[in-house]
Amino acid sequence: MNKLHKELVKVAGDMTSSKERVKHRVLHPRNSNKKPYRFTLLSVVLTLCVAGFILVQLLGKETTQTTTWFHETQLDHFERITQMMWPNQNKEYYKEEAYRSYEKLVAAYYFAESLGITYTKDELETERKNFVEQMEILQQSPKYKVFFRGLEPSKYVDVYMKPLLPMYTARTKLYAVYKEKYPTFYAYKGVADIEASRYFQMNFAEQVTAFQKENNIVDHSSTSGTSLVGTVAKVESNAFLFIEGIIPKDLDHMTEEQLEEKYEQADWYPVLADFPVEQGDYITLHSTETGSIEENGVVRKYGLLNDVKVLEPDVTVELNLQNEQEVAEFLQDMPWQTADYMRSPPNYSFQVEGVRIEIWKGYGGSLYLQKIGSGEIKLNSEKAKKLKELLGIEES
């Protein structure tokens, strides 16, 4: 990563997309599944303008001055730029992206304030100087000059960023608090953002809803993410190892290394005060994002979450096969398809040839099967009946 790209990352902050949003982009193609670096600066400028404009709507402070700087026509201008970068999307999509960026920034500000985090004028000035330095580096590239609209970096920061320096300063200090709170968890910023968003929604839901309605914004962030079912394999002081697709009994005869090697979905999640877990808990969690980082040659996978529910250990019936070969032959050459994971724990679970398969009952006697590492398949009532007979599942 060259110096210019590093400065883009500094300006943009953590822009990592969640697994669910990546899936959305696959289903609704764009030019790329990842935001190009040239768009990173655009995201920052768009975020700043939107944040300032919407902050006025929520707080009603300094209305005359702020609405002059952050008028809706400016928002429309940046939406048109976004359309140039991400073509073939509708206007509502761009509004939603802008709103999500706003909420992430402002929520962090108010959450930091609720925790007693304060800042000084000197810290605001330091933040301003950092932005000016970063903008000076970015302006050296001809392809970024258009975003400055003829302004020098210092003037650009004063016009677009100075009113929002308190929010950026507060968020920087909030991230520092969470880095200490989660010393071994790489995505500590994501944890801070999720808890800030939860706080913001609890305390500003009425204003948020009013603004969304007024501006015809449909925010799908509350429904994004994936529900996963699995077992807590290990708990540390600030994170726990969650392994998707296994039941608590699997922990009895497999080491942590074997579990991580065998199952691809073995991720570390943060321990949250609202959702305590213990080793061996059978849980369903709502994962909002997954990623990985390499440390000393070891890849450590992580995830972010906003909900955890502990399940009864026997909610999924474990089947001990006496005719594994027959079952394997029945499942041979099945057309497994990639699909979203089911949002409820499976009714049955079994292993065949060392791979776990989970079963959900469907309508009309049908069955849904998911095979770890392969995907999902739906069996019609006729095939489902045959499989039930092989597995010894009694019709209900």
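Modeller: Let's start with Thr231: leaving aside neighbours within four places in sequence, Thr231 is in contact (heavy atoms within 4.5 Å) with Leu241, Phe242, Ile243, Ile246, Ile247, Pro248, Leu251, Gly280, Asp281 and Tyr282. This is a predicted model, where local features need pLDDT of at least 70 and side-chain atom pairs count only at pLDDT 80 or more, while totals for chains, interfaces and linings use all residues. Residues are numbered from 1 along each chain as its sequence is written, and side-chain values use heavy atoms, with hydrogens and water left out.

Colleague: Why does Thr231 count as buried?

Modeller: Buried means under 20% relative accessible area (1.4 Å probe, protein chains only). Thr231 has 0% relative accessibility, so Thr231 counts as buried.

Colleague: What makes H6 roughly perpendicular to H9?

Modeller: The axes, lines fitted to C-alpha atoms over the stretch in contact, with angles from 0 to 180 degrees between N-to-C directions, come within 8 Å and cross at roughly 70° for H6 (residues 91-114) and H9 (residues 165-181). Roughly perpendicular covers 65 to 115 degrees, so H6 is roughly perpendicular to H9.

Colleague: Which residues make the contact of H6 with H9?

Modeller: Among them are Leu105 and Phe111 of H6, and Leu174 and Tyr178 of H9.

Colleague: Which residues touch the most other members of the largest nonpolar core?

Modeller: Leu174, Tyr178, Phe185, Phe200, Phe240 and Leu285, out of 64 residues. H6 gives the largest share of this core, 10 residues. A second, separate core has 21 residues, including Met334 and Trp336.

Conventions
Helices (H or I, at least four residues) and strands (E, at least two) are DSSP runs, numbered from the N terminus. Angles under 35 degrees count as roughly parallel, over 145 as roughly antiparallel, 65 to 115 as roughly perpendicular and the rest as oblique. A nonpolar core is a set of buried Ala, Val, Leu, Ile, Met, Phe, Trp, Tyr and Cys residues joined through side-chain atoms within 4.5 Å. Buried means under 20% relative accessible area, exposed over 50%, partly exposed in between (1.4 Å probe, protein chains only).
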